[in-house]
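Please read the points below beside the sequence and the coordinates. They go from one residue to the chain and then to the confidence of the model.

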Amino acid sequence: MARRQQSEDDAPRLTSEVPRLRTLKLSLSFRRGSVSLVESAHRRVVIVPRAPALFWVACADRECREGGHEITDAVMRALRSGEAHFTGEEPCQGTLGAAESQCTGVLVYEADATYG
Ligand SMILES: [Zn+2]
């Protein structure tokens, strides 16, 4: 936790990475196979331009260990090329239970960006 906070403080801001960016909204949903992992399928996140240029989303499964979805590279690539709408998926690399089976949770994200 402390390490993550540190890296957020050190990370470049979205404004310095993508100066034209005005607004960014992410719509997140989680699934495993075809089953939704959370009750409300979509979660909307509004990211302000002064936020760090880091996009990491925790796994929706509370049993998951060392899981999470790192989408920084994909999101930053799309923002740098000025895409107004883009989507993607990122599987969780965490493990579940004593058998340490793979989590296999998938984050599905949909982004809407505006530029000045
Ligand atoms: Zn997971």
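1. A residue is called buried if 20 or more other C-beta atoms lie within 10 Å of its own, exposed if 12 or fewer, and partly exposed in between, with C-beta atoms placed from the backbone. Glu 89 has 13 other C-beta atoms within 10 Å and is therefore partly exposed. Of the 116 residues of the protein chain, 20% count as buried.

2. This is a predicted model, in which local features need pLDDT of at least 70 and side-chain atom pairs count only at pLDDT 80 or more, whereas totals for chains, interfaces and linings use all residues. Residues are numbered from 1 along each chain as its sequence is written.

3. Glu 89 sits in strand E6 (strands, E, of at least two residues and helices, H or I, of at least four are DSSP runs numbered from the N terminus). Leaving aside neighbours within four places in sequence, Glu 89 is in contact with Val 106, Leu 107 and Val 108, contact being defined as C-beta atoms, placed from the backbone, within 7 Å.

4. The protein chain holds 3 helices and 9 strands. Of its contacts with a separation of 6 or more, 61% join residues 24 or more positions apart.

5. The protein chain averages a pLDDT (the predictor's confidence in each residue, from 0 to 100) of 89, and 92% of the residues score at least 70. Where pLDDT is low, the predicted coordinates should not be read in detail.

How values were computed:
Contact = placed C-beta atoms within 7 Å.
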